[in-house]
There are 2 protein chains.
Amino acid sequence: MATLSASRALTFAAPLPLDSGQTLEGVQIAYETYGELAADKSNAMLVTHALTGDQYLASTHPITGKPGWWERMVGPGKPIDTSRYYVICANVIGSCMGSTGPASIAPDGQPYAMRFPVITIRDMVRGLVGLLDGMGIERLHAIVGGSMGGMQALSLAANWPDRAERVLVIASTSRHSAQNIAFHELGRQAIMADPNWQDGDYYASGASPDAGLAVARMAAHITYLSEDGLTDKFGRNLQDRDTKSFGFDADFQVESYLRYQGSGFTRRFDANSYLYITRAMDYFDLAEEHGGRLANAFAGSQARFCLVSFDSDWLYPTAESRHVVHALNAAGAAVSFVELSAPYGHDSFLLDVSALDRVVKGFVE
Amino acid sequence: MATLSASRALTFAAPLPLDSGQTLEGVQIAYETYGELAADKSNAMLVTHALTGDQYLASTHPITGKPGWWERMVGPGKPIDTSRYYVICANVIGSCMGSTGPASIAPDGQPYAMRFPVITIRDMVRGLVGLLDGMGIERLHAIVGGSMGGMQALSLAANWPDRAERVLVIASTSRHSAQNIAFHELGRQAIMADPNWQDGDYYASGASPDAGLAVARMAAHITYLSEDGLTDKFGRNLQDRDTKSFGFDADFQVESYLRYQGSGFTRRFDANSYLYITRAMDYFDLAEEHGGRLANAFAGSQARFCLVSFDSDWLYPTAESRHVVHALNAAGAAVSFVELSAPYGHDSFLLDVSALDRVVKGFVE
């Protein structure tokens, strides 16, 4: 079905079927690997990325020049030990770092833009399973994902139950709540309100909807941090000044920080990808896919599961992880669950939380 | 200092001094009154409004045609009983319903736009005190405000301690947190990113930054509702359809609701006013104004205070009200405090919460 190219990308020979009923031709999956694959292919792990993440898990990002997004967790001697495991991380379809997405060229020679089909989390996982097929990896030692990465891990466990022995889901959920959808819709409206968006057909225009995308990123960023974390980090501290300006400059450090987050993001991310991936997350409801009962999703699963939540995460609070754990229990699956205390909110899964290191290391070994 | 016009607006003869050091000439305060002022003027109450509120407290809004924003609370026989009290509600300066704001005509004959001075909550209260002066009301029976209205009530109590006998502060705070500032900054950036904003000079252009303002309103609106309230009201229910569209229409009811809130708001509110009023709220820190110690703000106050919070309010959570109560206690002021249980989040102060009716009625009588 697939041919492996030299550029760490795999192109599917067969069209990829999607939940919408559409198919996607010539899908490419861009990926990175870390460590060595054992001869019997028994040591492969898949790490799945979050909304704005990518395959640069533990290597330098080619656009930003920054370290990989989970270098603290993945590497030789680290909790996900690349001297023992072969760790794969692939860009999801719909994204913009080499895998097929709205910025990709459609069969007619023009970018898909909004002609790209609306995809789901399960469609993303279809792409990842296609990659594993192409690599000849039938069974993962583990799949590990935080946030949207956790949704992919749950979707793989539910829909391809034989493909992973261990499923580690961090700071995630089995469904998007009304509040989750509301924040994403806000971001989408900000992008679509930007005149440079031009109904998505901006690729040849020389201008992209950066202002709208920056606002969307700012909104999302607020949800990634806890109120206490924001207060500890910024409080009401002023930025580079002793007194208020009585103007509309970024007087407060938190304003300056948000503006920086927003503008920096537009250099590495495609606005249409933001629309499609948030839509996929909003559509995610694993119970709905399985007859309205979440336990059905895991019936007969032989995998071992571990769910991790953070007490300061108000985006996907502990109750969401507990909801998954109850369903796994009802399905008779092997599951462990831990709520970690960390001050950083949802972003805790990416930050320096040593307790998470221990949980990850303990579970994947 | 002031002359009362027939159109329920008062124009100040003297310039209004502002916290920025600037002054504002010819300030007009638009207001509504309900009930009859007693001969000795002892029955006057001032109700202060929230960010996007106005003077149409208990009478039909002239633009939307909707009932006043607190008709459930204010009227004959209601908790704030207009058969007993003379209830005043005035549009704050910086707003857009008749009081002087960025859309007003400056002395040079052009709209102020961004030449309007940055104002503070205390400046708004200066305007309200000027109105009371113009009406010859030296001492209010009570000042009552929710959200930004509560900030004004606290500011009056701190800076004009003899002007109110009773101070009722609902779902409010003595300072804006980093998260509060972050959400407002997001809204401001959305407005400023709208090309129709034109650095604020859009009044003569025939186009206003409605798209940006709608996004700002959507962001704020999410903060006014609790997660549980959103789940109860909308959950993941689809809007006017049985299945997902696999497109970018408002599939979910919560999306449709937010779009409606955003677009409806632009018909009645000025984008520059949104910038100025959010800035005033972000600048608000009553302790900072009083030597860094909140109790100093209330030293020697003879007023009676009541603070009310809602357990589902994550914008100004109960801890913020408790913080004010502790300061009032430290200052030796008379204060009562109640946290009410209500499912609606911050917006509870505007909605059908019968326990609030009883608290308000009991306190103001």
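User: Helix 3 and helix 7 of chain A: is their crossing left-handed or right-handed?
Analyst: The crossing of helix 3 of chain A and helix 7 of chain A is left-handed. A crossing is left-handed if the near helix is turned anticlockwise from the far one by less than a right angle, and right-handed if clockwise. Helices (H or I, at least four residues) and strands (E, at least two) are DSSP runs, numbered from the N terminus.

User: What am I looking at, and how is it numbered?
Analyst: This is a predicted model, where local features need pLDDT of at least 70 and side-chain atom pairs count only at pLDDT 80 or more, while totals for chains, interfaces and linings use all residues. Residues are numbered from 1 along each chain as its sequence is written, and chains are lettered from A and ligands numbered from 1 in the order in which they are written.

User: OK, back to that pair. What angle do helix 3 and helix 7 of chain A pack at?
Analyst: About 160 degrees, with the axes of helix 3 and helix 7 (residues 271-283) of chain A 10 Å apart. That makes helix 3 of chain A roughly antiparallel to helix 7 of chain A. The classes are roughly parallel for angles under 35 degrees, roughly antiparallel over 145, roughly perpendicular from 65 to 115 and oblique for the rest. Axes are lines fitted to C-alpha atoms, for helices over the stretch in contact, and angles run from 0 to 180 degrees between N-to-C directions.

User: Which residues make the contact?
Analyst: Helix 3 of chain A brings Ile181(A), His184(A), Gly187(A), Arg188(A) and Ile191(A), and helix 7 of chain A brings Ala271(A), Tyr274(A), Leu275(A), Thr278(A), Met281(A) and Asp282(A). Two residues are in contact if their C-beta atoms, placed from the backbone, lie within 7 Å. By class there are six nonpolar, three polar and two charged residues. Ala, Val, Leu, Ile, Met, Phe, Trp, Tyr, Cys and Pro count as nonpolar, Asp, Glu, Lys and Arg as charged, and the others, Gly among them, as polar.

User: And how do helix 3 and helix 7 of chain B pack?
Analyst: Their angle is about 160 degrees and their axes are 10 Å apart, so helix 3 and helix 7 of chain B are roughly antiparallel to each other. The crossing is left-handed.

User: Switching to the interface. How many residues of chain B are in contact with chain A?
Analyst: 41 residues of chain B, which touch 42 residues of chain A. The largest share of the chain B side, 11 residues, comes from helix 3 of chain B. The chain B side divides into 23 nonpolar, eight polar and 10 charged residues.

User: What about helix 3 of chain A against helix 6 of chain B?
Analyst: Helix 3 (residues 178-193) of chain A and helix 6 (residues 253-266) of chain B pack at about 50 degrees, axes 9 Å apart. They are therefore oblique to each other, and the crossing is right-handed. From helix 3 of chain A, the contact has Ala178(A), Ile181(A), Ala182(A), Glu185(A) and Leu186(A); from helix 6 of chain B, Val254(B), Glu255(B) and Leu258(B). Six of these are nonpolar, none polar and two charged.

User: What domains does chain A have?
Analyst: The assignment gives domain 1 (2-176 + 285-364) and domain 2 (180-278); such bounds come from an automatic or database domain assignment. Their centres, over C-alpha atoms, are 25 Å apart.

User: What confidence does the predictor give?
Analyst: The complex has an ipTM of 0.94 and a pTM of 0.96. Chain A has a mean pLDDT (the predictor's confidence in each residue, from 0 to 100) of 96, and 98% of its residues reach 70 or more. Over residues 1-6 of chain A the pLDDT is below 50. Where pLDDT is low, the predicted coordinates should not be read in detail.
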